[in-house]
Amino acid sequence: MMMREYRCRGIVKGYAEGYALLSTRPLNLLTIDYHGMINDHTNTLNGKSISDKVLIFPNAVGSSVGAYRLYALKINGRAPKAMVCMKADIITASAAAVADIPLVDMVDDYKDMLTTIINYNNIKVRVDAGKGLIQLLPA
């Protein structure tokens, strides 16, 4: 795979690099335990850890209290390095802002980005929310 770049909108500024963790379904942040494990049997990420990953998901659902769960994960060193949404919602934006986690959305070719991540294992993602740039890096 060649490196791929996507333009996006930066919401919470910052820079991070990590392995992609992708959900094609909305995520309830309250289903993430204090160790960073997702405990949602309706989501394909059930049983996976968000710690040190670039978390990619369409948007959050559920309560705004999810912002505090993400903040607790950040304090305990279990938060994702960055988050990428199709269209960020108020829950995700407030969670990222409180926890100081880079957040981007409105990726110029979201479908191509998802397809690339699905087709290749262990994709490393670089997020630069200040520049509005996402890079998928070759292994």
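**Ground rules.** I am working from a predicted model, where local features need pLDDT of at least 70, side-chain atom pairs count only at pLDDT 80 or more, and totals for chains, interfaces and linings use all residues. Residues are numbered from 1 along each chain as its sequence is written, and side-chain values use heavy atoms, with hydrogens and water left out.

**Around Q135.** I found Q135 in strand β10, residues 133–137. Helices (H or I, at least four residues) and strands (E, at least two) are DSSP runs, numbered from the N terminus. The side chain of Q135 makes a polar contact of 2.6 Å with the side chain of E5. I count a polar contact as a pair of N or O atoms within 3.5 Å; within protein, one must be able to donate a hydrogen and the other to accept it, and residues adjacent in sequence count only if both atoms are side-chain atoms. Setting aside neighbours within four places in sequence, Q135 is in contact with M3, R4, E5, K124, V125 and R126 (contact means heavy atoms within 4.5 Å).

**The whole fold.** I then stepped back and noted three helices and 10 strands, in the order β-β-β-β-β-β-α-β-α-β-α-β-β. The radius of gyration is 13 Å, close to the 14 Å that the globule rule gives for 139 residues, so the protein is as compact as a globular protein of that length. That radius is taken over C-alpha atoms, and the rule is 2.2 Å times the number of residues to the power 0.38. Buried residues make up 49% of the 139. Of the contacts with a separation of 6 or more, 72% are between residues 24 or more positions apart.

**Helices α1 and α2.** In α1 (residues 66–75), I listed G66, A67, R69, L70, A72 and L73 as buried; their cover includes β7 (82–85) and α2. Just after α1, G77 takes a positive phi of about 70°. For α2, the buried residues are I91, T92, A93, A95, A96 and A99, and they pack against β2, β5, β6, α1, β7 and β8. D89 caps the N-terminal end of α2, with a side-chain oxygen 2.9 Å from the backbone nitrogen of I91. D100, in the loop between α2 (90–99) and β8 (103–105), has a positive phi near 55° without being a glycine.

**The largest pocket.** I looked here last. A pocket is an open set of points on a 1 Å grid over the protein atoms alone, where a 1.4 Å probe fits, with protein on both sides within 12 Å along at least five of seven lines; lining residues have an atom within 4 Å of a point. The largest has a volume of about 160 Å³, the space filled by probe spheres set on the points, which are joined across faces, edges and corners. Which element gives the most to its lining? β3 does, with four residues. The lining divides into eight nonpolar, two polar and no charged residues (Ala, Val, Leu, Ile, Met, Phe, Trp, Tyr, Cys and Pro count as nonpolar, Asp, Glu, Lys and Arg as charged, and the others, Gly among them, as polar). N122 is one of the lining residues; it is exposed at 61% relative accessibility.

Key:
Buried < 20%, exposed > 50% of the residue type's maximum accessible area, 1.4 Å probe, protein only.
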